[in-house]
Amino acid sequence: MKHYTLTIQEIRKETKDAITLCFKQPGLQKIKYQAGQYITLIVKINGRKYARPYSFSSAPSVDATLEITVKRMPDGIVSNFINNELKVGDVVEVLEPMGDFTSNRINPINHVYLWGVGSGITPLFSLIKEILHSQSNTVIHLIYGNKNQDSAIFSKQLSHLKKDYPTAFFLTNFYSQVDFIEQSNTIQKGRISTSFIIQLLAQHKNVKESVHYICGPKDLKEIIKSTLMELTVPSSSIFSEEFELVIDPIELEGVEDSKVSVLFQGRHSEIFVPKGKSVLDVALDNDIDMPYSCQTGNCNTCMAKLKDGQLKMLGLTKKRDDLAYDEFLLCCSYPLTKAISIEVI
Ligand SMILES: Cc1cc2nc3c(=O)[nH]c(=O)nc-3n(C[C@H](O)[C@H](O)[C@H](O)COP(=O)(O)OP(=O)(O)OC[C@H]3O[C@@H](n4cnc5c(N)ncnc54)[C@H](O)[C@@H]3O)c2cc1C
Ligand code: FES
(Lines give C-alpha, C1' and ligand atoms only; values in the text may rest on other atoms or scores of the structure.)
(Ligands and ions follow the chains in the order given, each with its own letter.)
Protein backbone atom coordinates (compact mmCIF):
# COMPACT_ATOMS: atom_id res chain seq x y z
CA MET A 1 0.00 0.00 0.00
CA LYS A 2 1.36 3.44 -0.94
CA HIS A 3 2.21 5.97 1.78
CA TYR A 4 2.55 9.71 1.11
CA THR A 5 3.52 12.72 3.17
CA LEU A 6 1.35 15.78 2.67
CA THR A 7 1.85 19.37 3.80
CA ILE A 8 -1.07 21.34 5.24
CA GLN A 9 -1.49 24.46 3.09
CA GLU A 10 -4.59 25.90 4.76
CA ILE A 11 -6.98 25.15 7.62
CA ARG A 12 -10.57 26.39 7.42
CA LYS A 13 -12.96 26.46 10.35
CA GLU A 14 -16.31 25.13 9.15
CA THR A 15 -18.33 25.04 12.39
CA LYS A 16 -17.64 25.24 16.13
CA ASP A 17 -16.34 21.67 16.08
CA ALA A 18 -15.24 20.92 12.52
CA ILE A 19 -12.30 22.05 10.40
CA THR A 20 -11.14 21.44 6.85
CA LEU A 21 -7.50 20.57 6.26
CA CYS A 22 -6.28 21.51 2.77
CA PHE A 23 -3.17 19.59 1.70
CA LYS A 24 -0.82 20.61 -1.11
CA GLN A 25 -0.69 18.01 -3.87
CA PRO A 26 2.81 16.45 -3.87
CA GLY A 27 5.00 18.13 -6.53
CA LEU A 28 6.23 15.01 -8.33
CA GLN A 29 3.66 12.30 -7.80
CA LYS A 30 0.18 13.81 -7.64
CA ILE A 31 -2.38 11.81 -5.67
CA LYS A 32 -5.22 10.62 -7.91
CA TYR A 33 -8.57 10.04 -6.28
CA GLN A 34 -12.27 9.89 -7.06
CA ALA A 35 -14.98 12.03 -5.48
CA GLY A 36 -16.45 10.12 -2.52
CA GLN A 37 -13.23 8.23 -1.66
CA TYR A 38 -11.23 8.63 1.56
CA ILE A 39 -7.60 8.83 2.69
CA THR A 40 -6.23 7.46 5.93
CA LEU A 41 -4.26 9.81 8.16
CA ILE A 42 -1.54 8.30 10.33
CA VAL A 43 -0.62 10.39 13.36
CA LYS A 44 1.51 9.79 16.43
CA ILE A 45 -0.08 10.84 19.71
CA ASN A 46 1.77 10.30 23.00
CA GLY A 47 4.13 7.83 21.31
CA ARG A 48 1.39 5.66 19.78
CA LYS A 49 0.48 5.56 16.11
CA TYR A 50 -3.19 5.96 15.14
CA ALA A 51 -4.73 5.58 11.69
CA ARG A 52 -8.11 7.12 10.87
CA PRO A 53 -9.89 7.34 7.51
CA TYR A 54 -11.36 10.69 6.39
CA SER A 55 -13.44 11.17 3.26
CA PHE A 56 -12.34 13.79 0.77
CA SER A 57 -14.49 16.90 0.95
CA SER A 58 -12.68 18.20 -2.15
CA ALA A 59 -13.52 17.11 -5.69
CA PRO A 60 -10.70 16.12 -8.06
CA SER A 61 -12.00 18.13 -11.06
CA VAL A 62 -12.78 21.23 -8.99
CA ASP A 63 -10.32 21.70 -6.11
CA ALA A 64 -6.56 22.20 -6.44
CA THR A 65 -5.84 20.98 -2.92
CA LEU A 66 -6.70 17.64 -1.30
CA GLU A 67 -9.24 18.44 1.40
CA ILE A 68 -10.69 16.53 4.32
CA THR A 69 -13.12 17.84 6.94
CA VAL A 70 -12.86 16.51 10.47
CA LYS A 71 -15.51 16.86 13.16
CA ARG A 72 -14.56 16.42 16.81
CA MET A 73 -15.99 13.30 18.46
CA PRO A 74 -16.63 13.55 22.21
CA ASP A 75 -13.44 12.09 23.79
CA GLY A 76 -12.24 11.07 20.32
CA ILE A 77 -8.44 10.76 20.26
CA VAL A 78 -7.55 11.61 16.68
CA SER A 79 -10.38 14.00 15.76
CA ASN A 80 -9.56 16.22 18.76
CA PHE A 81 -5.83 16.01 18.03
CA ILE A 82 -6.48 17.15 14.44
CA ASN A 83 -8.77 19.99 15.55
CA ASN A 84 -6.50 21.16 18.41
CA GLU A 85 -2.92 20.49 17.34
CA LEU A 86 -2.40 20.49 13.58
CA LYS A 87 -1.33 23.76 11.95
CA VAL A 88 -0.46 25.16 8.53
CA GLY A 89 2.95 23.84 7.39
CA ASP A 90 2.68 20.54 9.34
CA VAL A 91 3.46 17.39 7.41
CA VAL A 92 1.11 14.41 7.78
CA GLU A 93 1.55 10.79 6.67
CA VAL A 94 -1.37 9.34 4.69
CA LEU A 95 -2.26 6.08 2.96
CA GLU A 96 -3.39 6.03 -0.67
CA PRO A 97 -7.05 6.89 -1.44
CA MET A 98 -9.52 4.04 -1.03
CA GLY A 99 -13.25 3.39 -1.12
CA ASP A 100 -16.01 2.70 -3.61
CA PHE A 101 -18.57 5.35 -2.54
CA THR A 102 -18.02 6.97 -5.92
CA SER A 103 -20.19 8.39 -8.68
CA ASN A 104 -18.77 6.35 -11.52
CA ARG A 105 -20.45 3.21 -10.17
CA ILE A 106 -23.51 4.29 -12.13
CA ASN A 107 -23.09 6.33 -15.25
CA PRO A 108 -24.82 8.39 -16.55
CA ILE A 109 -27.03 9.37 -13.60
CA ASN A 110 -30.17 11.42 -14.23
CA HIS A 111 -31.53 11.91 -10.72
CA VAL A 112 -29.29 11.42 -7.73
CA TYR A 113 -30.42 11.74 -4.13
CA LEU A 114 -27.77 12.28 -1.47
CA TRP A 115 -28.81 11.61 2.12
CA GLY A 116 -26.47 12.85 4.85
CA VAL A 117 -26.32 13.70 8.53
CA GLY A 118 -23.61 15.67 10.39
CA SER A 119 -20.05 14.88 9.25
CA GLY A 120 -21.59 12.39 6.78
CA ILE A 121 -21.82 15.40 4.44
CA THR A 122 -18.09 15.19 3.55
CA PRO A 123 -18.11 12.53 0.80
CA LEU A 124 -21.49 13.87 -0.40
CA PHE A 125 -20.05 17.39 -0.77
CA SER A 126 -17.20 15.95 -2.85
CA LEU A 127 -19.71 14.06 -5.03
CA ILE A 128 -21.97 17.11 -5.45
CA LYS A 129 -19.11 19.31 -6.67
CA GLU A 130 -17.77 16.64 -9.01
CA ILE A 131 -21.17 15.77 -10.53
CA LEU A 132 -22.23 19.42 -10.98
CA HIS A 133 -18.92 20.09 -12.69
CA SER A 134 -18.74 17.07 -14.96
CA GLN A 135 -22.27 15.70 -15.56
CA SER A 136 -24.42 18.55 -16.84
CA ASN A 137 -27.60 16.46 -17.24
CA THR A 138 -27.75 15.22 -13.67
CA VAL A 139 -30.19 16.66 -11.14
CA ILE A 140 -28.99 16.39 -7.53
CA HIS A 141 -31.15 16.45 -4.40
CA LEU A 142 -29.33 16.72 -1.10
CA ILE A 143 -31.28 15.91 2.06
CA TYR A 144 -29.10 17.03 4.95
CA GLY A 145 -29.81 16.60 8.67
CA ASN A 146 -28.23 18.58 11.52
CA LYS A 147 -29.08 19.82 15.01
CA ASN A 148 -29.38 23.40 13.73
CA GLN A 149 -28.03 25.68 11.05
CA ASP A 150 -24.87 26.59 12.98
CA SER A 151 -23.80 22.96 13.21
CA ALA A 152 -24.36 22.29 9.48
CA ILE A 153 -20.96 21.87 7.82
CA PHE A 154 -20.64 23.60 4.40
CA SER A 155 -23.97 25.40 4.81
CA LYS A 156 -22.63 28.57 3.07
CA GLN A 157 -20.94 26.64 0.27
CA LEU A 158 -24.15 24.64 -0.34
CA SER A 159 -26.21 27.85 -0.52
CA HIS A 160 -23.79 29.19 -3.13
CA LEU A 161 -24.09 26.00 -5.16
CA LYS A 162 -27.89 26.32 -5.01
CA LYS A 163 -27.63 29.82 -6.50
CA ASP A 164 -25.07 28.77 -9.12
CA TYR A 165 -27.00 25.66 -10.23
CA PRO A 166 -30.71 26.54 -9.71
CA THR A 167 -32.00 23.78 -11.99
CA ALA A 168 -29.47 21.07 -11.11
CA PHE A 169 -29.03 21.25 -7.35
CA PHE A 170 -31.82 21.08 -4.76
CA LEU A 171 -31.32 21.07 -1.01
CA THR A 172 -33.60 20.18 1.92
CA ASN A 173 -32.21 20.88 5.39
CA PHE A 174 -33.53 19.03 8.45
CA TYR A 175 -32.91 20.66 11.83
CA SER A 176 -33.64 18.47 14.86
CA GLN A 177 -32.91 20.91 17.70
CA VAL A 178 -34.59 24.22 16.94
CA ASP A 179 -37.44 25.83 18.90
CA PHE A 180 -39.21 27.45 15.99
CA ILE A 181 -38.70 27.19 12.29
CA GLU A 182 -40.78 28.25 9.36
CA GLN A 183 -41.12 24.96 7.51
CA SER A 184 -40.88 25.00 3.72
CA ASN A 185 -39.80 22.75 0.85
CA THR A 186 -36.21 23.47 1.73
CA ILE A 187 -36.26 23.53 5.55
CA GLN A 188 -37.88 20.91 7.77
CA LYS A 189 -37.98 20.50 11.53
CA GLY A 190 -37.07 17.11 13.01
CA ARG A 191 -35.35 14.13 11.46
CA ILE A 192 -35.45 12.59 8.00
CA SER A 193 -38.50 10.32 8.16
CA THR A 194 -40.17 7.60 6.13
CA SER A 195 -43.12 9.88 5.32
CA PHE A 196 -40.79 12.60 4.04
CA ILE A 197 -38.92 10.13 1.82
CA ILE A 198 -42.19 8.84 0.33
CA GLN A 199 -43.48 12.39 -0.22
CA LEU A 200 -40.23 13.56 -1.85
CA LEU A 201 -39.96 10.63 -4.22
CA ALA A 202 -43.66 10.82 -5.14
CA GLN A 203 -42.75 13.95 -7.13
CA HIS A 204 -40.66 11.89 -9.53
CA LYS A 205 -42.04 9.70 -12.28
CA ASN A 206 -39.10 7.34 -12.62
CA VAL A 207 -38.31 6.50 -9.01
CA LYS A 208 -36.89 3.14 -10.13
CA GLU A 209 -34.22 4.97 -12.11
CA SER A 210 -33.09 7.22 -9.24
CA VAL A 211 -29.70 6.66 -7.61
CA HIS A 212 -29.09 7.14 -3.87
CA TYR A 213 -26.00 7.78 -1.73
CA ILE A 214 -26.37 7.62 2.06
CA CYS A 215 -23.82 8.69 4.66
CA GLY A 216 -24.90 8.93 8.27
CA PRO A 217 -25.73 6.85 11.33
CA LYS A 218 -26.80 3.22 10.95
CA ASP A 219 -30.45 3.85 11.95
CA LEU A 220 -30.82 6.60 9.32
CA LYS A 221 -29.30 4.36 6.66
CA GLU A 222 -31.71 1.57 7.52
CA ILE A 223 -34.80 3.82 7.40
CA ILE A 224 -33.80 5.29 4.05
CA LYS A 225 -32.77 1.99 2.52
CA SER A 226 -35.90 0.10 3.55
CA THR A 227 -38.21 2.93 2.41
CA LEU A 228 -36.45 3.17 -0.94
CA MET A 229 -36.75 -0.55 -1.46
CA GLU A 230 -40.46 -0.40 -0.63
CA LEU A 231 -40.68 2.26 -3.33
CA THR A 232 -39.10 -0.33 -5.71
CA VAL A 233 -35.71 1.39 -6.01
CA PRO A 234 -33.32 -1.50 -6.78
CA SER A 235 -30.70 -2.18 -4.10
CA SER A 236 -28.03 -1.90 -6.81
CA SER A 237 -28.87 1.84 -7.03
CA ILE A 238 -28.42 2.48 -3.28
CA PHE A 239 -24.90 3.11 -1.98
CA SER A 240 -23.87 3.83 1.58
CA GLU A 241 -20.69 4.76 3.46
CA GLU A 242 -20.09 3.78 7.08
CA PHE A 243 -18.07 6.03 9.39
CA GLU A 244 -18.20 3.66 12.35
CA LEU A 245 -18.68 0.00 13.11
CA VAL A 246 -21.81 -0.47 15.20
CA ILE A 247 -22.21 -3.79 16.99
CA ASP A 248 -25.42 -4.90 18.62
CA PRO A 249 -24.44 -6.43 22.05
CA ILE A 250 -26.63 -9.45 21.18
CA GLU A 251 -24.14 -10.27 18.43
CA LEU A 252 -21.45 -10.80 21.08
CA GLU A 253 -23.19 -14.00 22.17
CA GLY A 254 -20.64 -16.82 22.07
CA VAL A 255 -17.65 -14.46 22.10
CA GLU A 256 -15.01 -15.41 24.71
CA ASP A 257 -12.11 -13.78 26.52
CA SER A 258 -9.19 -15.21 24.59
CA LYS A 259 -5.42 -15.62 24.53
CA VAL A 260 -4.42 -14.70 20.99
CA SER A 261 -1.12 -15.67 19.44
CA VAL A 262 -0.19 -13.23 16.65
CA LEU A 263 2.44 -13.85 13.97
CA PHE A 264 3.29 -10.57 12.24
CA GLN A 265 6.40 -9.88 10.12
CA GLY A 266 8.07 -13.03 11.44
CA ARG A 267 7.53 -12.11 15.13
CA HIS A 268 5.25 -13.92 17.58
CA SER A 269 3.30 -11.98 20.26
CA GLU A 270 0.72 -13.13 22.77
CA ILE A 271 -2.14 -10.79 23.64
CA PHE A 272 -5.20 -11.12 25.84
CA VAL A 273 -8.40 -10.08 24.01
CA PRO A 274 -11.26 -9.50 26.46
CA LYS A 275 -14.83 -10.19 25.33
CA GLY A 276 -16.19 -7.19 23.41
CA LYS A 277 -12.88 -5.90 22.02
CA SER A 278 -11.78 -6.62 18.47
CA VAL A 279 -8.46 -8.41 17.90
CA LEU A 280 -7.16 -5.33 16.04
CA ASP A 281 -8.00 -2.96 18.93
CA VAL A 282 -6.08 -5.07 21.42
CA ALA A 283 -3.13 -5.68 19.08
CA LEU A 284 -2.75 -1.91 18.62
CA ASP A 285 -3.07 -1.35 22.39
CA ASN A 286 -0.15 -3.78 22.70
CA ASP A 287 2.01 -1.79 20.26
CA ILE A 288 1.81 -4.36 17.49
CA ASP A 289 2.12 -2.00 14.55
CA MET A 290 -0.07 -3.96 12.15
CA PRO A 291 -1.65 -2.39 9.05
CA TYR A 292 -5.22 -1.09 9.16
CA SER A 293 -7.30 1.71 7.70
CA CYS A 294 -11.12 1.88 7.63
CA GLN A 295 -11.86 -0.08 10.83
CA THR A 296 -15.29 -0.87 9.41
CA GLY A 297 -14.52 -4.11 7.56
CA ASN A 298 -14.39 -2.56 4.12
CA CYS A 299 -10.77 -2.08 3.03
CA ASN A 300 -9.16 -5.51 3.76
CA THR A 301 -5.97 -3.82 5.07
CA CYS A 302 -6.20 -5.68 8.40
CA MET A 303 -6.61 -9.16 6.94
CA ALA A 304 -5.15 -12.17 8.77
CA LYS A 305 -5.24 -15.95 8.42
CA LEU A 306 -6.72 -17.97 11.26
CA LYS A 307 -4.36 -20.85 12.10
CA ASP A 308 -6.09 -22.26 15.18
CA GLY A 309 -9.28 -21.64 17.20
CA GLN A 310 -12.38 -19.80 16.04
CA LEU A 311 -13.17 -16.17 15.20
CA LYS A 312 -16.39 -14.40 14.26
CA MET A 313 -16.67 -11.15 12.27
CA LEU A 314 -19.26 -8.68 13.56
CA GLY A 315 -20.73 -5.43 12.26
CA LEU A 316 -19.96 -6.03 8.58
CA THR A 317 -22.27 -4.01 6.37
CA LYS A 318 -21.58 -5.88 3.14
CA LYS A 319 -21.58 -9.61 2.36
CA ARG A 320 -17.97 -10.80 2.12
CA ASP A 321 -18.13 -13.90 -0.08
CA ASP A 322 -14.69 -12.91 -1.39
CA LEU A 323 -12.87 -13.96 1.80
CA ALA A 324 -11.50 -17.51 2.08
CA TYR A 325 -12.71 -19.68 5.01
CA ASP A 326 -9.55 -18.85 7.04
CA GLU A 327 -9.31 -15.12 6.13
CA PHE A 328 -10.55 -12.64 8.72
CA LEU A 329 -10.62 -8.84 8.98
CA LEU A 330 -9.19 -8.18 12.42
CA CYS A 331 -10.95 -4.83 12.91
CA CYS A 332 -14.23 -6.69 13.20
CA SER A 333 -13.01 -10.09 14.47
CA TYR A 334 -13.93 -11.44 17.90
CA PRO A 335 -12.66 -14.77 19.37
CA LEU A 336 -15.12 -17.61 19.93
CA THR A 337 -12.54 -19.84 21.68
CA LYS A 338 -10.34 -19.36 24.77
CA ALA A 339 -7.22 -19.47 22.58
CA ILE A 340 -6.63 -18.63 18.95
CA SER A 341 -3.67 -18.27 16.66
CA ILE A 342 -3.49 -15.88 13.68
CA GLU A 343 -0.97 -14.82 11.07
CA VAL A 344 -1.18 -11.26 9.73
CA ILE A 345 -0.82 -11.40 5.94
C1 LIG B 1 -14.65 5.52 5.39
C2 LIG B 1 -14.69 6.51 6.54
C3 LIG B 1 -14.70 7.88 6.25
C4 LIG B 1 -14.74 8.81 7.32
N5 LIG B 1 -14.78 10.14 7.01
C6 LIG B 1 -14.86 11.04 8.01
C7 LIG B 1 -14.96 12.43 7.70
O8 LIG B 1 -14.97 12.84 6.54
N9 LIG B 1 -15.03 13.31 8.75
C10 LIG B 1 -15.01 12.88 10.06
O11 LIG B 1 -15.06 13.74 10.96
N12 LIG B 1 -14.94 11.57 10.36
C13 LIG B 1 -14.85 10.64 9.38
N14 LIG B 1 -14.75 9.31 9.69
C15 LIG B 1 -14.63 8.90 11.12
C16 LIG B 1 -13.13 8.96 11.52
O17 LIG B 1 -12.38 8.00 10.81
C18 LIG B 1 -12.92 8.67 13.03
O19 LIG B 1 -13.55 7.46 13.35
C20 LIG B 1 -13.46 9.80 13.89
O21 LIG B 1 -12.75 11.00 13.61
C22 LIG B 1 -13.28 9.45 15.38
O23 LIG B 1 -11.93 9.17 15.63
P24 LIG B 1 -11.29 9.53 17.04
O25 LIG B 1 -9.92 8.95 17.08
O26 LIG B 1 -11.43 10.97 17.33
O27 LIG B 1 -12.25 8.78 18.03
P28 LIG B 1 -11.91 7.48 18.88
O29 LIG B 1 -10.93 7.81 19.92
O30 LIG B 1 -11.62 6.36 17.95
O31 LIG B 1 -13.33 7.28 19.54
C32 LIG B 1 -14.51 7.28 18.75
C33 LIG B 1 -15.69 7.38 19.67
O34 LIG B 1 -15.82 6.19 20.37
C35 LIG B 1 -15.76 6.46 21.75
N36 LIG B 1 -14.85 5.46 22.30
C37 LIG B 1 -13.55 5.33 22.06
N38 LIG B 1 -13.04 4.30 22.73
C39 LIG B 1 -14.08 3.77 23.41
C40 LIG B 1 -14.21 2.68 24.28
N41 LIG B 1 -13.19 1.92 24.59
N42 LIG B 1 -15.43 2.40 24.80
C43 LIG B 1 -16.50 3.16 24.49
N44 LIG B 1 -16.43 4.22 23.67
C45 LIG B 1 -15.24 4.50 23.14
C46 LIG B 1 -15.19 7.84 21.93
O47 LIG B 1 -15.78 8.45 23.06
C48 LIG B 1 -15.59 8.52 20.67
O49 LIG B 1 -16.84 9.10 20.83
C50 LIG B 1 -14.73 8.36 8.66
C51 LIG B 1 -14.70 6.98 8.93
C52 LIG B 1 -14.69 6.08 7.89
C53 LIG B 1 -14.67 4.59 8.21
S1 FES C 1 -9.17 -1.88 8.68
FE2 FES C 1 -10.34 -1.93 6.85
S3 FES C 1 -11.15 -3.93 6.84
FE4 FES C 1 -10.18 -3.77 8.76
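This report describes the domains, the ligand site and selected residues of a predicted model.

Local features are given only at pLDDT of at least 70 and side-chain atom pairs only at pLDDT 80 or more, whereas totals for chains, interfaces and linings use all residues. Residues are numbered from 1 along each chain as its sequence is written, chains are lettered from A and ligands numbered from 1 in the order in which they are written, and side-chain values use heavy atoms, with hydrogens and water left out.

## Domains

The domain assignment of the protein chain gives domain 1 (3-98), domain 2 (103-241) and domain 3 (251-344); such bounds come from an automatic or database domain assignment. The centres of domain 1 and domain 2, taken over C-alpha atoms, are separated by 25 Å. Their contact takes 19 residues from domain 1 and 18 residues from domain 2, where contact means heavy atoms within 4.5 Å.

## The site of ligand 1

Ligand 1 is surrounded by 22 residues, of which the closest are Arg52, Pro53, Tyr54, Ser79 and Thr122. A residue is counted here if one of its heavy atoms lies within 4 Å of the molecule. At least three residues of this shell come from each of domain 1 and domain 2.

| Ligand 1 atom | Protein atom | Distance |
|---|---|---|
| Nitrogen | Ser55, polar backbone atom | 3.1 Å |
| Oxygen | Val78, polar backbone atom | 2.8 Å |
| Oxygen | Thr122, polar side-chain atom | 2.7 Å |

The protein covers 70% of the 970 Å² of accessible area that ligand 1 has on its own. Accessible areas come from the Shrake-Rupley method with a 1.4 Å probe, and for residues only the protein chains shown count as cover.

Strand S4 (48-55), strand S5 (66-71) and helix H1 (77-85) are the elements that give two or more residues to the shell. S4 gives the most, with four residues. Helices (H or I, at least four residues) and strands (E, at least two) are DSSP runs, numbered from the N terminus.

By residue class, the shell divides into ten nonpolar, seven polar and five charged residues. In this division Ala, Val, Leu, Ile, Met, Phe, Trp, Tyr, Cys and Pro count as nonpolar, Asp, Glu, Lys and Arg as charged, and the others, Gly among them, as polar.

## Helix H1 and strand S2

The buried residues of H1 are Val78, Ser79, Asn80, Phe81, Ile82 and Asn83. Buried means under 20% relative accessible area, exposed over 50%, and partly exposed in between (1.4 Å probe, protein chains only). These buried residues pack against S2, strand S3 (38-45), S4 and S5.

Thr20 is found in strand S2 (residues 18-23) and counts as buried at 1% relative accessibility. Its side chain makes polar contacts with the side chain of Glu14 at 2.6 Å and with the side chain of Thr69 at 2.8 Å. Leaving aside neighbours within four places in sequence, Thr20 is also in contact with residues including Ser57, Ile68 and Phe154.

## Further buried residues

Leu114, in strand S7 (residues 111-117), is buried, with a relative accessible area of 0%. Apart from neighbours within four places in sequence, the contacts of Leu114 are Leu124, Ile128, Ile140, His141, Leu142, Ile143 and Tyr213.

Leu280 belongs to helix H6 (residues 279-285) and is buried, with a relative accessible area of 2%. Not counting residues up to four places away in sequence, Leu280 touches Met290, Tyr292, Gln295, Leu330 and Cys331.

Glu327 lies in strand S17 (residues 327-329) and is buried, with a relative accessible area of 17%. The side chain of Glu327 reaches the backbone nitrogen of Ala324 at 2.9 Å. Among the residues that Glu327 touches, not counting those up to four places away in sequence, are Met303, Lys305 and Asp322.

## Positive phi angles

Most residues other than glycine have a negative phi. Asp75 has a positive phi of about 60° although it is not a glycine. Asp75 is found in the loop between S5 and H1 and is exposed, with a relative accessible area of 77%.

Gln295 likewise has a positive phi of about 60° and is not a glycine. Gln295 is found in the loop between H6 and strand S15 (303-308) and counts as partly exposed at 23% relative accessibility.

Conventions:
A polar contact is a pair of N or O atoms within 3.5 Å; within protein, one must be able to donate a hydrogen and the other to accept it, and residues adjacent in sequence count only if both atoms are side-chain atoms.
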